Amino acid sequence: PFPMRGIKTHVSIERKGKIYSQIIDTSGRVFLELEFDELESFDEKDTTIYKGNKGGLWGIVTPKGETLTPFQFEEIYRLGDASFYAGKGENRYLINSKFKVLDLGKWYNVHHSYTNGFFNVKFINKDLKSPKTFTFYNEDLKTLGSVVAVDILDSFNGSKLPNGYVYIKTDYENNGDYLSLIHISEPTRPY
């Protein structure tokens with residue numbers, strides 16, 4: 001139906017009383033069809049995992065329709081190459097490359113990154129001006145430590161820090177940068 005090939009989109013169809021979602025290109029060629037209310041790609045180049053929706057909630061699925069996470073999220077986003085951020089209401093979740101789900105609790109917002117060998121999660125309250133709590137998790141989602149700071153940096157003066165190290169900016173008044181270099185490592189301990 002469309003003159004172009006290669007641009008993919010997703011559609012849902014009803015067949016024999018069941019809802020199927022398809023990933024198609026603009027010519028109508030079907031790349032994938034699964035029995036979900038909705039189906040979306042995380043990345044057009046990655047065809048190994050998808051977001052599937054059942055009953056208004058999202059989960060991570062394979063192209064064969066196998067469920068990798070529960071269908072419990074209102075939103076799911078890819079965080080880097082192999083981890084994910086998810087949310088439902090005020091609850092926030094971190095999902096690792098093995099699809100283990102860590103419930104981070106209720107927060108106004110959280111920012112996630114995978115920095116220098118660990119997950120760095122910034123917890124944000126509704127008072128956006130107050131210092132933030134940063135908590136560090138390893139790949140297995142075990143807590144490595146927490147710190148209250150203004151920001152976390154993985155480089156200094158243009159040079160990337162080695163794995164396991166970050167600079168902590170603790171200047172709450174913005175009179176100057178007060179930085180502390182810390183090493184994040186096992187075993188779990190507070191900073």
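Is Phe84 buried or exposed? At 1% relative accessibility, Phe84 counts as buried, because the cut-off for buried is under 20%. The structure discussed here is a predicted model.

## The chain as a whole

The protein chain has 19 strands and 0 helices. Of its 191 residues, 40% count as buried. The accessible surface comes to about 10800 Å², and carbon and sulfur atoms hold 50% of this area.

Contacts can also be sorted by how far apart the two residues are in sequence. Among contacts between residues at least 6 apart, 24% join residues at least 24 apart.

Strands of a sheet pair through backbone hydrogen bonds, in either a parallel or an antiparallel way.

β11 and β12 (residues 118–124) are joined by 7 bridges in the antiparallel sense, with Val110 opposite Phe123 of β12. Phe123 also has a bridge partner in β13, namely Thr133. The antiparallel pairing of β12 and β13 runs over 5 bridges, and that of β13 and β14 over 6 bridges. In this last pair, Phe136 stands opposite Gly145 in β14.

β13 and β14 form a hairpin with 5 residues between the strands. In this hairpin, Leu141 takes a positive phi near 70°.

## Aromatic pairs

How many aromatic pairs does a search of the whole structure find? The search finds 8. A pair of aromatic rings is described by the distance of the centres and the angle of the planes. For Phe42 and Phe84, the ring centres are 5.0 Å apart and the planes stand at 50°, so this pair is tilted. The two residues come from distant parts of the chain, 42 residues apart: Phe42 is in the loop between β4 (38–41) and β5 (50–54), while Phe84 is in strand β8 (residues 83–88). Phe42 has a relative accessible area of 18% and is buried. Together with Phe99, Phe42 and Phe84 form one aromatic cluster.

Another of the pairs joins Phe156 and Tyr167, whose ring centres are 4.7 Å apart with planes at 40°, so it is tilted. Phe156 lies in strand β16 (residues 155–156) and Tyr167 in strand β18 (residues 165–169), 11 residues apart. Phe156 counts as partly exposed, at 33% relative accessibility, whereas Tyr167 is buried, at 15% relative accessible area.

## Charges over rings

Which residue has its charged end over the ring of Tyr20? This residue is Arg15, and the distance to the ring centre is 4.8 Å. A lysine is placed over a ring elsewhere in the model: Lys51 lies over the face of Trp58, 5.3 Å from the ring centre.

Definitions and conventions: Residues numbered from 1 in each chain as written. Predicted model: local features only at pLDDT ≥ 70, side-chain atom pairs only at ≥ 80, totals over all residues. Heavy atoms only, no water. Pairing = 2+ DSSP bridges. Helix = DSSP H or I, 4+ residues; strand = E, 2+ residues; numbered from the N terminus. Phe/Tyr/Trp six-rings, centres within 6.5 Å; stacked < 30°, edge-to-face > 60°. Buried < 20%, exposed > 50% of the residue type's maximum accessible area, 1.4 Å probe, protein only. Lys NZ or Arg CZ within 6 Å of the ring centre and 35° of its normal. Contact = heavy atoms within 4.5 Å. Areas by Shrake-Rupley, 256 points an atom, 1.4 Å probe, with all protein chains shown as cover.
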